[in-house]
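Open your viewer and get ready to click along.

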Amino acid sequence: MFKDLKNKRYWILMPPFLIIALLLFTFLPNNYRYFSFLVIIVFWVVYYSWNYFAGKKNNPNKPEELY
């Protein structure tokens with residue numbers, strides 16, 4: 001069940017970050033288009049942070065895992 005919850009988190013976070021990245025890539029000048037890739041990095045940081053802290057909250061005695 002926990003795996004399904006992680007998948008749900010992924011689908012909650014992915015659409016807004018994808019839309020923001022595509023908009024930035026489309027509308028930023030050529031010199032600044034690489035900033036749209038930072039949105040992808042921020043997405044993964046938020047996703048793994050959310051999974052880490054939710055796992056820590058649900059089971060504080062379990063050894064630390066990233067996924």
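Predicted model: local features only at pLDDT ≥ 70, side-chain atom pairs only at ≥ 80, totals over all residues.

Start by selecting V42, which sits in helix α2. Helices here are DSSP runs of H or I with at least four residues, strands are runs of E with at least two, and both are numbered from the N terminus. V42 counts as partly exposed because its relative accessible area is 43%; buried means under 20%, exposed means over 50%, and partly exposed lies in between, using a 1.4 Å probe and protein chains only.

Residues are numbered from 1 along each chain as its sequence is written, and side-chain values use heavy atoms, with hydrogens and water left out.

**Zoom out to the whole chain**

Colour by secondary structure, and you will find two helices and zero strands. Of the 67 residues, 18% count as buried. Contacts are heavy atoms within 4.5 Å. Among contacts with a separation of 6 or more, 54% come from residues 24 or more positions apart.

Next, select residues 12–28 and then 34–53, where an unreviewed UniProt entry places the feature "transmembrane region". UniProt positions follow the numbering used here, feature names are shortened, and annotations may be inferred rather than shown by experiment. In the model, residues 12–28 are 94% helix, with their end C-alpha atoms 25 Å apart. Residues 34–53 are 95% helix, and their end C-alpha atoms lie 30 Å apart.

**Select S36 and F35**

Is S36 buried or exposed? S36, in helix α2, is buried, because its relative accessible area is 3%. Show its side chain and look for the backbone oxygen of R33, which it reaches at 2.7 Å. Leaving aside neighbours within four places in sequence, S36 is in contact with A21, L24 and F25.

Now click F35, also found in helix α2. F35 is partly exposed, with a relative accessible area of 34%. The C-alpha atoms of F35 and L24 are separated by 7.5 Å, and the two residues are eleven apart along the chain.

R9 lies in helix α1, which covers residues 2–27. R9 counts as buried because its relative accessibility is 5%.

Last, show the surface and select F25, Y32, Y34, F35, F37, L38, I40, I41, W44, V45 and Y48, which make a nonpolar patch of about 1,100 Å². Helix α2 (residues 35–58) gives the largest share, eight residues. One of the patch members is Y48, which is partly exposed at 36% relative accessibility.

Notes. Patch = residues over 30% accessible without salt bridge, like charges linked within 9 Å, V, L, I, M, F, W, Y side chains within 5 Å. Areas by Shrake-Rupley, 256 points an atom, 1.4 Å probe, with all protein chains shown as cover. Salt bridge = Lys/Arg side-chain N within 4 Å of Asp/Glu carboxyl O. Polar contact = N/O pair within 3.5 Å; in protein donor to acceptor, adjacent residues only side chain to side chain.
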